Amino acid sequence: MKSGAKGTGSAGAKGKGGGGGAKVTKKFIINASQPASDKIFDVNAFEKFLHDKIKVDNRVGNLGDTVQISQQGDGKIEVVAHIQFSGRYLKYLTKKFLKKQQLRDWLRVVSTSPGVYELRFFNVVNDEADDDDE
């Protein structure tokens, strides 16, 4: 009785944990088409950076089938997570990549809609007067 109950309990627990993890499917899109078209942002390097840096269960390089990263053409990267996953974490990693590439002074990460992040240039409005003072 105990072994049967144990088996059902563990199967039930697996079903709950696996089912809960499998049912939570989140899709994020990082749109870097604007800087990629200007040839200052390398989308392939960014995709590799995400592959190397995203943590699953507190371990890097542990993506497996739970997190898929793919390019969607013209500078868009799609991240599909079958586990609990935060969009803010993607934003954090994107900002970290921009800092590493020394692009943080020109680009910012903006959330245009839930699950969609876009890299935009800072709006520079005639700072020539400021530059002359320095």
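Trainee: Which residues are buried in helix 3?
Mentor: This is a predicted model, to start with. In helix 3, the buried ones are Val 43, Phe 46, Glu 47, Phe 49 and Leu 50.

Trainee: How are those buried residues arranged around the axis of helix 3?
Mentor: They line one face of the helix, because they fall within an arc of 160 degrees when you look down the axis.

Trainee: And what is exposed on the other side of helix 3?
Mentor: Asn 44 and Lys 48 are exposed there. Lys 48 counts as exposed because its relative accessibility is 53%.

Trainee: Which residue does Lys 48 form a salt bridge with?
Mentor: Asp 52. The closest N and O atoms are 2.8 Å apart.

Trainee: How far apart are Lys 48 and Asp 52 along helix 3?
Mentor: Four residues, so about one helical turn separates them. Helix 3 covers residues 43–53.

Trainee: How many salt bridges does the count come to?
Mentor: Three. One of them pairs Lys 27 with Glu 78, at 3.1 Å from N to O.

Trainee: Is Glu 78 buried or exposed?
Mentor: Buried, because its relative accessibility is 13% and the cut-off for buried is under 20%.

Trainee: What about Glu 118, which residue is its salt-bridge partner?
Mentor: Arg 120. The closest N and O atoms in that pair are 3.5 Å apart. Arg 120 is partly exposed, with a relative accessible area of 30%.

Trainee: Switching to the surface. Which residues gather in the patch of positive charge?
Mentor: Lys 53, Lys 55, Lys 96 and Lys 100.

Trainee: Where is Lys 100 found?
Mentor: In helix 4, which covers residues 87–100.

Trainee: Why does Lys 100 count as exposed?
Mentor: Because its relative accessibility is 56%, and exposed means over 50%.

Trainee: Let's zoom out. How many helices and strands are in the chain?
Mentor: Five helices and seven strands. Along the sequence, the pattern reads α-β-α-α-β-β-β-β-α-β-β-α.

Trainee: What share of the chain is buried?
Mentor: Buried residues make up 29% of the 134 residues.

Trainee: Now the loops. Where is Gly 73 found?
Mentor: In the loop between strand 4, residues 67–71, and strand 5. Gly 73 is partly exposed, with a relative accessible area of 37%.

Trainee: How far is Gly 73 from Ser 33?
Mentor: Their C-alpha atoms are separated by 8.8 Å. Along the chain, the two are 40 residues apart.

Trainee: Which loop holds Thr 66?
Mentor: The one between strand 3, residues 59–60, and strand 4. Thr 66 is partly exposed too, at a relative accessible area of 26%.

Trainee: And how far apart are Thr 66 and Val 80 in space?
Mentor: 8.1 Å, C-alpha to C-alpha. In sequence, Thr 66 and Val 80 are 14 residues apart.

How values were computed:
Residues are numbered from 1 along each chain as its sequence is written. This is a predicted model: local features need pLDDT of at least 70, side-chain atom pairs count only at pLDDT 80 or more; totals for chains, interfaces and linings use all residues. Side-chain values use heavy atoms; hydrogens and water are left out. Patches are made of residues with over 30% relative accessible area and no salt bridge: like charges are joined within 9 Å, nonpolar side chains (Val, Leu, Ile, Met, Phe, Trp, Tyr) within 5 Å. Accessible areas come from the Shrake-Rupley method with a 1.4 Å probe; for residues, only the protein chains shown count as cover. A salt bridge is a side-chain nitrogen of Lys or Arg within 4 Å of a carboxyl oxygen of Asp or Glu. Lys and Arg count as positive and Asp and Glu as negative; His and the chain ends are not counted. The place of a charge is taken as NZ of Lys, CZ of Arg, CG of Asp or CD of Glu. Helices (H or I, at least four residues) and strands (E, at least two) are DSSP runs, numbered from the N terminus. Buried means under 20% relative accessible area, exposed over 50%, partly exposed in between (1.4 Å probe, protein chains only). The arc is that of the directions from the helix axis to the C-beta atoms.
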